[in-house]
Amino acid sequence: MDALSDDGGGGNGSGDNEPNTGPVRWPAIDAGEVLSDFETLDEWSPRTGEISAAPDKARTGSQAAVIESNGGSVSIQMQFSDGIDLVDWVTSVAVKPESATQITVEFFAPTRSARLASTRTLPDGYDGWFRMDCGYQQKPGDDPDLSNVTGITISADGPDDGPTRLVVDDLRRTKSAKNGKAILTFYGGHDSHYDIAAEMLAERDWAGAVPISPARIGDRGRMGRSELRDLSDRGWDICSLPDVSTPLPEHPKEQQREVLESARDALAKSGFENGSRHLFVPDEGLDPTTYNIARDVYESAFLYSSGTTGVPPTEMHMIPFIWGPALHTGVRRHTNLSDQYGLLTVLRIPRIVDEEDVGINENRMSLDDFGLLLDHIEQRDLDVITPSDLVDGSWKRDGGDDEPANRERPDGTILEAGQSHEFEGSGSVNTPTFDLDDGVLVANTTHEGDSEITVDVTEANGDGTDENLVTTAGSTAGKSIMAVESGTYRLEVDADGAWSIELTQPAVESDELEDLPVQASGTGSGVVGPLWTDGRTRVVATHEGDGAFIVDGYGADGSREILVYRTGEFDNSRSYKAGGTAWLNVEADGDWTLEVMDS
């Protein structure tokens with residue numbers, strides 16, 4: 001981290017964001033390798049708007065570049081005729097959004113149809129310098145080949161009626177971590193974060209972070225100092241989340257500094273020195289003044305912007321985080337990309353409650369979804385770290401290998417045959433209990449109703465998490481599969497007509513395994529597999545129905561990964577970190593197709 005520190009490379013200085021003495025002025029850095037220093041603008045071509053030299057704004061060398069237009073957007077592109085290699089690298093750029101609300105950097109690898117995109121939504125009114133770490137949020141088309149990047153675009157969106165103006169300098173690449181990371185932040189320090197989440201993390205030997213206002217410690221429904229000290233002793237960070245009645249940018253500079261310093265000092269005085277170094281910016285955001293003070297007062301700062309970032313970040317005071325409950329609309333994609341490209345995803349976890357207590361637009365996350373989130377992070381083998389790990393460099397740069405080496409295809413029986421049961425009924429019913437063995441559970445379901453039928457499998461003792469086995473619409477017959485552990489279960493059936501369900505736990509033999517690539521199609525519920533997968537797999541899926549479309553991956557080892565969880569039409573691809581014997585379970589209300597291939 002020395003190369004990215006503030007010593008000699010654009011430091012905190014006076015915190016006024018004015019150019020430092022020397023050849024490198026924050027937010028330029030002197031680590032990694034330069035891709036463009038904007039000394040020669042001929043290598044850049046405008047796509048919309050204009051580009052011009054800005055010598056008075058240079059962060060490194062003799063000039064920066066201004067891209068601007070009178071409209072609502074501007075974009076420039078640099079091409080690499082021989083391609084450049086960005087495998088195991090992350091890219092960052094110094095930016096000053098003088099009139100912009102969003103910045104996007106895209107990487108054509110090697111074409112526009114196989115590209116990665118990094119987008120940063122800016123706090124309202126922010127027009128100062130910062131460094132944008134280009135963690136990827138979107139993979140819109142084909143799988144990119146980062147060993148052959150042929151072009152980079154930098155775009156900005158401004159006010160709808162313009163103008164748009166962005167200053168850029170010092171585009172460069174730095175080495176990335178070998179393994180993806182995640183930080184779990186439990187906002188507000190609610191009782192459920194201690195009673196539920198902390199124990200679930202302890203089972204995995206993980207630690208988290210608790211952003212909390214010192215004034216809210218011990219409030220009703222929140223942790224007290226004894227609980228926070230217990231977490232701190234377990235390696236958690238207790239971080240600063242100032243409690244302000246009006247947005248920080250509306251306060252005078254001196255008052256902003258007092259608020260930020262008081263929150264830090266109060267946590268440190270309570271024994272949370274390690275975590276007090278990290279600021280979580282209140283939801284109202286920040287302006288350049290707040291940012292500069294935060295750089296003086298804290299060693300890192302996090303704010304809501306959605307996205308991934310590099311490890312280590314070149315910008316420690318504008319680290320983005322994403323809303324944790326958005327498990328099916330962004331979180332899974334972010335964590336997958338972090339796994340694939342060695343990036344960091346920071347997740348904001350609100351109060352954890354039972355499913356029935358999660359209301360629309362409420363600041364809550366269901367226990368079921370939180371469990372699925374932890375399972376997904378574990379399945380992706382991300383390193384769960386804390387803000388202090390990030391700042392102190394103790395985030396295990398070596399990580400682990402992406403894939404197990406020399407995976408051997410099994411021979412003979414993979415899973416022994418287990419139990420079988422049959423049920424039938426009409427309408428919504430809870431079935432009698434039944435026993436299952438370790439392995440997979442296959443359900444052949446018929447339904448004669450007009451509306452959707454859903455079938456959940458739940459442990460009879462109530463200790464386990466309900467898991468959906470069937471979700472399909474109308475009068476239909478279909479097949480579904482899931483992985484189960486030995487135990488006693490029941491089915492919870494929700495339907496409007498007559499139905500029958502046949503459950504089996506079939507034996508699985510090695511000669512049944514299908515090699516990739518595999519194509520499949522169907523209507524309603526269906527199963528693809530068993531498949532033999534060497535490692536990372538790509539699944540291209542389409543759906544033509546109006547209702548739920550769910551694709552889950554199950555392994556013979558009992559693993560589960562949610563690949564698709566959408567409503568309505570769908571046409572896109574998903575990565576699946578399989579490896580070994582696997583099945584894909586499809587729940588749909590219309591026609592669907594799957595194409596499964598090595599990634």
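Strand β40 (residues 570-577) is mostly tucked away, with six of its eight residues buried; buried here means under 20% relative accessible area, against over 50% for exposed and partly exposed in between, using a 1.4 Å probe and protein chains only. The model is a predicted one, so local features need pLDDT of at least 70 and side-chain atom pairs count only at pLDDT 80 or more, while totals for chains, interfaces and linings use all residues. Residues are numbered from 1 along each chain as its sequence is written, and side-chain values use heavy atoms, with hydrogens and water left out.

What does β40 pair with? Its partner is strand β37 (residues 536-543), joined to β40 in the antiparallel sense over eight bridges; two strands are said to pair if DSSP finds at least two bridges between them. Across this pairing, His543 faces Phe570 in β40, and Thr537 sits opposite Tyr576 in β40. Both strands belong to an open sheet of four, ordered β35-β42-β37-β40, with antiparallel pairing. The edges are taken by β35 (518-523) and β40, each with a single partner strand, so one side of each has no neighbour in the sheet. On average, neighbouring strands of this sheet are turned by 20° against each other, direction ignored. In general, strands of a sheet pair through backbone hydrogen bonds, either parallel or antiparallel.

Helix α5 (residues 327-341) lies across β37 and β40, running at about 45° to β40. For such angles, axes are lines fitted to C-alpha atoms, for helices over the stretch in contact, and the values run from 0 to 180 degrees between N-to-C directions.

Helix α5 also packs on α6, at an angle of about 20° and with the axes 11 Å apart. On the α5 side, Leu327, His328, Val331, Arg332, Thr335 and Asn336 meet Asp369, Leu372, Leu373 and His376 of α6, where contact means heavy atoms within 4.5 Å. Sorted by class, this contact of α5 with α6 has four nonpolar, four polar and two charged residues. Ala, Val, Leu, Ile, Met, Phe, Trp, Tyr, Cys and Pro count as nonpolar, Asp, Glu, Lys and Arg as charged, and the others, Gly among them, as polar.

Helix α6 (residues 367-379) has helix α1 (residues 191-202) alongside too: their axes come within 12 Å and cross at roughly 20°. That makes α1 roughly parallel to α6, and the crossing of α1 past α6 is right-handed. Here Ile196, Ala197, Met200 and Leu201 of α1 meet Leu367, Phe370, Gly371 and Leu374 of α6. The residues in the contact of α1 with α6 come out as seven nonpolar, one polar and no charged.

A further open sheet has five strands, in the order β34-β36-β41-β38-β39, and its pairing is mixed. At its edges stand β34 (514-515) and β39 (560-567), each with a single partner strand, so one side of each is without a neighbour in the sheet. Within this sheet, strand β36 (residues 526-533) and strand β41 (residues 580-587) pair in the antiparallel sense over six bridges, with Val527 opposite Asn585 in β41.

Elsewhere, strand β11 (residues 164-175) has 10 of its 12 residues buried, so the rest of the structure largely encloses it. Which strands does β11 pair with? Strand β1 (residues 33-36) pairs with β11 in the antiparallel sense over three bridges, and Glu33 stands opposite Arg173 in β11. Strand β4 (residues 64-69) runs antiparallel to β11, joined by five bridges, with Thr164 in β11 as the bridge partner of Ser69. Strand β6 (residues 89-99) is likewise antiparallel to β11, through eight bridges, and Val95 has Val168 of β11 as its bridge partner.

Terms used. Helices (H or I, at least four residues) and strands (E, at least two) are DSSP runs, numbered from the N terminus. Angles under 35 degrees count as roughly parallel, over 145 as roughly antiparallel, 65 to 115 as roughly perpendicular and the rest as oblique. A crossing is left-handed if the near helix is turned anticlockwise from the far one by less than a right angle, and right-handed if clockwise.
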